[in-house]
Amino acid sequence: MVSFSQTWHLPKKYEANGLGFKFQGVELKGCFSIASGTWSQWLSDLDNLPKSKIDSFILKNIVFTLLENLSPSRGDTVVDFGAGEGLVSLELAKAVGSSGKVIAIDESAECLEVIKKRSLEKGFLNIETLRSRIEDCPLPPSSTDGVTCRSVLCYLNDMRLGVSKMLEVLRPQGSFSVFEPLMGEGSWRGGTAPPPEDFRLLEASLRATGAPRSLVREAVREAFASENAEFKSLVVHYKFSFEKLARDEIIRDYLFDLPGELSAHNLLVKTGYDEKKLERVMSNFSSWAAKANVRYVLPCIFIHGTKKG
C-alpha cells in the first residue's frame with residue numbers, strides 16, 4: 001500500500017479572476033492501494049474503502065467540498081458529470097430534496113446500474129441516470145441549476161469542449177463545482193538521491209501520451225475563462241510515500257495506478273515502449289523509491305463558480 005498525506009494550500013494572493021475564498025488547512029495521513037481492472041471495479045474499490053482508513057475520509061472530504069462550493073438548494077435540478085458509482089450523486093440527492101432532481105451522467109452502463117441500485121437501497125426517488133460522454137451530453141441548453149464534475153475533465157482529449165458542454169446545460173447564473181487531479185504537475189520530492197535518469201525519461205514518455213497524464217492547473221483555468229465563467233480555484237497537494245513497501249508492490253502501484261487502458265503500463269506499451277526495458281527501469285525505480293525516502297506530490301484543483309448570463 002502507498003501511504004500518503006494531504007495538504008491544502010491557500011495561495012498568498014487570490015487565484016483566478018481576482019477572486020478568492022478562505023479554507024482551513026489540514027494535513028492527514030493514511031494508506032492507499034487500488035489495482036482493479038475495470039472502471040466500475042476501480043471506482044468501487046476507491047469509493048468503498050473501509051471507514052477506518054483515512055483515505056476514505058479524504059474522499060468524503062472532497063465530496064463535501066464539492067457540494068459546499070456548489071451550494072445547491074432544495075428543488076434544484078443538478079447534473080453530476082462522470083458520476084461513477086454515485087458517490088457525489090447520492091449526496092446531491094440529499095441536498096436538493098424530494099422536490100429536486102439529480103441527473104447522474106456516465107458513459108459506463110455498469111456504473112449507472114450501481115447508482116440505480118444504491119438509489120433504491122437509500123430510498124432516493126430523485127436520481128435519474130443518463131449514459132453519455134460529457135462531450136455528447138444531450139440535455140437542453142440552460143436546463144439545470146447546477147453541475148458537478150469529479151475527476152472527469154482530466155481524461156478528455158479536448159477539455160475545452162467538455163467544459164463548454166458542461167456549462168451549456170447550466171442556466172444563466174447557475175453554479176458549477178469541479179475537482180480534478182493535475183497529473184501533469186506531479187513531482188518527486190525529498191529523498192537522498194534524485195530519481196534514476198531512465199525513470200525520469202519514462203515519466204516524460206507518459207506525460208507525452210496526453211490526457212490524463214498531462215493536465216496542469218493553467219489549462220483548467222483557461223478552459224473556464226474561455227467560456228466567460230466567473231470562478232475561484234484552490235490547489236490541494238496529496239503526498240504519496242512508498243515507505244516500507246516491497247519492491248514488487250511499488251512497481252505494481254506505479255504501473256497499474258489507473259484501470260484498464262489508462263494504466264501507466266498500458267500507455268507505455270501502446271507507445272512501443274520495450275517490455276524488457278520497462279522491467280529494467282522499474283527495477284531501478286523501485287530500488288530508489290524504497291531506499292530514498294521520497295514523496296510523490298500530486299496537485300489537484302478545486303474550481304467553482306457561476307455561468308455568466
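Analyst: A residue counts as buried when its relative accessible area is under 20%. The model is a predicted one, and in it S187 has a relative accessible area of 19%, so S187 is buried. S187 belongs to strand β8, which covers residues 187–190, and the S187 side chain makes a polar contact, at 3.1 Å, with the side chain of R189. When neighbours within four places in sequence are set aside, S187 is in contact with R207, R295, Y296 and V297.

The aromatic side of strand β8 can be followed through W188. Across the whole structure a search finds 12 aromatic pairs. In one of these, the ring centres of W188 and F285 lie 5.5 Å apart with their planes at 70°, and the pair is therefore edge-to-face. This pair links distant parts of the chain, since W188 lies in strand β8 and F285 in helix α10 (residues 275–291), 97 residues apart. Both W188 and F285 are buried.

W188 also forms an aromatic pair with Y296, a tilted one, with 4.9 Å from centre to centre and 55° between the planes. Because W188 lies in strand β8 and Y296 in strand β10 (residues 294–307), this pair ties together parts that are 108 residues apart in sequence. Y296 is buried, as is W188, and Y296 is also among the residues in contact with S187.

Note on methods:
Residues numbered from 1 in each chain as written. Predicted model: local features only at pLDDT ≥ 70, side-chain atom pairs only at ≥ 80, totals over all residues. Heavy atoms only, no water. Helix = DSSP H or I, 4+ residues; strand = E, 2+ residues; numbered from the N terminus. Buried < 20%, exposed > 50% of the residue type's maximum accessible area, 1.4 Å probe, protein only. Polar contact = N/O pair within 3.5 Å; in protein donor to acceptor, adjacent residues only side chain to side chain. Contact = heavy atoms within 4.5 Å. Phe/Tyr/Trp six-rings, centres within 6.5 Å; stacked < 30°, edge-to-face > 60°.
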